[in-house]
Amino acid sequence: QVQLVESGGGLVQAGGSLRLSCVASRSIFSIDVMGWYRQAPGKQRELVASIQRGVPANYADSVKGRFTISSDNAKNAVYLQMDSLKPDDTAVYYCNAHRHWPLASYWGQGTQVTVSS
């Protein structure tokens, strides 16, 4: 079992920046994919960005060039740097840890990001 705790959300004006952090309760070395998802009111949860060893990070088209995902295995952490924020980025952001075998997927409790126009 892996517990994930997100932080760094808040209220920011359009054009501003936020950095989200996700810290795992134990080593993420055995985790295959770490990702950030978001869910806006009335919408389905969507993938924002993901990172895994040996392949380039993956981004949703809507955030390419503005968001950057990174990880620090020594700190059991993954980050999401969000720049040039837009009101459409307003959502609850969730951290996810996915392991292929044995199959497991863990979620954090979410952190609210609100971008005002």
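The chain carries 11 positive and 8 negative side chains, where Lys and Arg count as positive and Asp and Glu as negative, with His and the chain ends not counted. The centres of the two sets lie 4 Å apart, the place of a charge being taken as NZ of Lys, CZ of Arg, CG of Asp or CD of Glu. This is a predicted model, in which local features need pLDDT of at least 70 and side-chain atom pairs count only at pLDDT 80 or more, while totals for chains, interfaces and linings use all residues. Residues are numbered from 1 along each chain as its sequence is written, and side-chain values use heavy atoms, with hydrogens and water left out.

**Overall architecture**

- The chain contains zero helices and 11 strands; helices (H or I, at least four residues) and strands (E, at least two) are DSSP runs, numbered from the N terminus.
- The radius of gyration is 14 Å, close to the 13 Å that the globule rule gives for 117 residues, so the chain is as compact as a globular protein of that length. This radius is taken over C-alpha atoms, and the globule rule is 2.2 Å times the number of residues to the power 0.38.
- Along its principal axes, the C-alpha trace spans about 45 × 25 × 25 Å.

**Surface and contacts**

- Of the 117 residues, 43% count as buried; buried means under 20% relative accessible area, exposed over 50%, and partly exposed in between (1.4 Å probe, protein chains only).
- The accessible surface comes to about 6300 Å², of which 52% belongs to carbon and sulfur atoms. Such areas come from the Shrake-Rupley method with a 1.4 Å probe, and for residues only the protein chains shown count as cover.
- Among contacts (heavy atoms within 4.5 Å) between residues at least 6 apart in sequence, 54% join residues at least 24 apart.

**Strands β9 and β10**

- Strand β9 (residues 91-99) pairs with β10 in the antiparallel sense over four bridges; two strands pair if DSSP finds at least two bridges between them.
- A hairpin of four residues joins β9 to β10, and alanine 97 has tyrosine 106 in β10 as its bridge partner.
- In a regular strand the side chains alternate between the two faces of the sheet.
- Strand β10 (residues 104-107) has Ala104 and Tyr106 on its covered face, and Ser105 and Trp107 on its uncovered one.
- Proline 102 is found in the loop between β9 and β10, and a cis peptide bond with omega of about -15 degrees joins tryptophan 101 to proline 102.

**Two strand residues**

- Serine 50 lies in strand β5 (residues 46-51) and is buried, with a relative accessible area of 11%.
- Not counting residues up to four places away in sequence, serine 50 touches Val33, Met34, Gly35, Ala57, Asn58 and Ile69.
- Glutamine 39 belongs to strand β4 (residues 33-39) and counts as partly exposed at 29% relative accessibility.
- Leaving aside neighbours within four places in sequence, glutamine 39 is in contact with Gln44, Arg45, Ala91, Val92 and Tyr94.
- Glutamine 39 and tryptophan 107 are 68 residues apart along the chain, and their C-alpha atoms are separated by 13 Å.

**Loop residues with positive phi**

- Asparagine 76, in the loop between β7 (67-72) and β8 (77-82), has phi near 55 degrees, a positive value in a residue other than glycine. Asparagine 76 is buried, with a relative accessible area of 19%.
- Serine 84, in the loop between β8 and β9, has phi near 50 degrees, a positive value in a residue other than glycine. Serine 84 counts as partly exposed at 41% relative accessibility.
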